[in-house]
Amino acid sequence: MEEQTSYLEQNIDLAQLTGLIPFFQGLPRESLQKLTSHFVILSHPASQIILLENDWGGSVYFILEGWVKIRTYNFEGKEVTLNIIGKGEIFGEMAALEKMPRSTDAITLTPTTIGRIPSENFVDLLTTEPMAGVRLSKLMAKRIRQVNRRLQLRDADSTSRVADAILFLVEGQGIEGELGTEIPYLPHREISGLSGLARETVTRVLTRLEQRGLIQRDTNLLRIPDLMALEDAIG
C-alpha cells in the first residue's frame, strides 16, 4: 500500500524540491509554488506496479529515490524492458501530453519515493515556461538516441550489449566517486532486460568485465573506473 503525504506536511522547501528534481531547476519561483500546491509524495515498496499500460494519463511522476522499470510486452507475451530510470528522472509525461492511454507499465525495482502532479498542471507548466518545454524536448531527444543506440547493438556480441546497458544506466544515474563513476548495482535480471540477453549470459559477461578491470562490484554498488575503456569494449 502506498503512503501519501504532501510536501508542505514534510516541510520540504522549493530549494530542496529543485535539488531533488533537476527538471525544476531554474524555473521561476511563482511557477514552482503553483506546482507544489498539487505535488504529493508516493512511497512504494519494491515490485509495486505504479502504472499499467492502457491506463489514462492522469498524472506525471518524478522519482525522488529508488529505481523504476518501464516495460511493455511483445506479441508472444514476453516482457520487454524499455527503460530503467532513477532519482531525479521523470515518467508518465507522454500520456499527459497526448491525452491518450499509457503505452507502457511502470514498476518499482526497489523501495521508491515518487512525486506526482496532475497532468493538467504539468501541461500548464510547459505552455507557460519555455525552459520547461525545452527541457522536455531534450529529454525526449535523449531517450530516442538511447533507443537508437540499443537497436544498433541488437545483433552485437554479448560483451558489447552488457557494456552498453551499464553505460545506459550511467548516463541516467552515474555519480562521480574518487575511484570512478558509480551506479547502484541492479539485479542481473534487470541488466538482462535492458541488454536483451539471458540472465546467465549477463552474469558471465559481468564476471569477464570485472576480470578485465572494466568494472568493480560491491554488494550495492557497481563502479566503472574508466568510462572510455568500457566504451571501447563495445565492438
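The questions and answers below concern a predicted model.

Trainee: Let us begin with helix 3; which of its residues are buried?

Mentor: Helix 3 covers residues 29–36, and a residue counts as buried when its relative accessible area is under 20%. By that cut-off, the buried residues of helix 3 are Ser31, Leu32, Leu35 and Thr36.

Trainee: Within what arc do the buried residues of helix 3 fall, seen down its axis?

Mentor: An α-helix has 3.6 residues a turn, so residues three or four places apart point the same way. In helix 3 the buried residues are Ser31, Leu32, Leu35 and Thr36. They line one face of the helix, because, seen down the axis, they fall within an arc of 135°.

Trainee: Which elements do the buried residues of helix 3 pack against?

Mentor: The face of helix 3 turned away from its buried side carries the exposed residues Arg29 and Glu30, so to speak of packing we turn to the buried residues, which line one face of the helix. Those buried residues pack against helix 2 (14–20), strand 9 (112–118) and helix 5 (119–128).

Trainee: Strand 9 has come up there; which residue of strand 9 stands opposite Leu42?

Mentor: Strand 2 (residues 40–44) is joined to strand 9 by five bridges, and the two run antiparallel. Strand 4 (residues 59–65) is also antiparallel to strand 9, with six bridges between them, and there Val60 stands opposite Ile117. For Leu42, the residue opposite in strand 9 is Ile114.

Trainee: In the loop between strand 2 and strand 3, what is the phi of Ser47?

Mentor: Ser47 lies in the loop between strand 2 and strand 3 (49–51), and Ser47 counts as exposed because its relative accessibility is 56%. Most residues other than glycine have a negative phi, and most peptide bonds are trans. Ser47 is a residue other than glycine with a positive value, its phi being near 65°.

Trainee: Turning to the spaces in the model, how many residues line the largest pocket, and which element gives the most to that lining?

Mentor: The largest pocket has a volume of about 1,200 Å³ and is lined by 45 residues, of which Thr81, Leu82, Asn83, Val147 and Arg150 lie nearest its centre. By class, this lining divides into 19 nonpolar, 11 polar and 15 charged residues. Among the elements that each supply at least two residues are strand 5 (68–73), helix 4 (93–98) and helix 8 (188–195). With seven residues, the element that gives the most is helix 6.

Trainee: Which residues are the closest to the centre of the second largest pocket?

Mentor: The second largest pocket holds about 630 Å³ of space. Its lining has 10 nonpolar, seven polar and eight charged residues, and helix 6 gives the most to it, with five residues. Of the 25 residues that line the second largest pocket, the closest to its centre are Lys87, Gly88, Glu89, Gly172 and Gln173.

Trainee: What is the volume of the largest cavity?

Mentor: The structure holds one cavity of 30 Å³ or more. Strand 6 (79–85), helix 6 (130–152) and helix 7 (158–173) each supply at least two residues of the lining of the largest cavity, and the lining residues include Asn83, Leu139, Arg143 and Phe168. They divide into five nonpolar, four polar and three charged residues, and the volume of the largest cavity is about 70 Å³.

Trainee: Finally, which are the edge strands of the open sheet of four strands?

Mentor: This open sheet has the order 10-11-13-12, with antiparallel pairing. Three bridges join strand 10 to strand 11, and in strand 11 the bridge partner of Gly177 is Gly180. An edge strand pairs on one side only, and the edge strands here are strand 10 (175–177) and strand 12 (216–217).

Key: Residues are numbered from 1 along each chain as its sequence is written. This is a predicted model: local features need pLDDT of at least 70, side-chain atom pairs count only at pLDDT 80 or more; totals for chains, interfaces and linings use all residues. Side-chain values use heavy atoms; hydrogens and water are left out. Buried means under 20% relative accessible area, exposed over 50%, partly exposed in between (1.4 Å probe, protein chains only). The arc is that of the directions from the helix axis to the C-beta atoms. Contact means heavy atoms within 4.5 Å. On a 1 Å grid over the protein atoms alone, a cavity is a set of points where a 1.4 Å probe fits but cannot get out, and a pocket is an open set with protein on both sides within 12 Å along at least five of seven lines; lining residues have an atom within 4 Å of a point. Grid points are joined across faces, edges and corners, and a volume is the space filled by probe spheres set on the points. Ala, Val, Leu, Ile, Met, Phe, Trp, Tyr, Cys and Pro count as nonpolar, Asp, Glu, Lys and Arg as charged, and the others, Gly among them, as polar. Two strands pair if DSSP finds at least two bridges between them.
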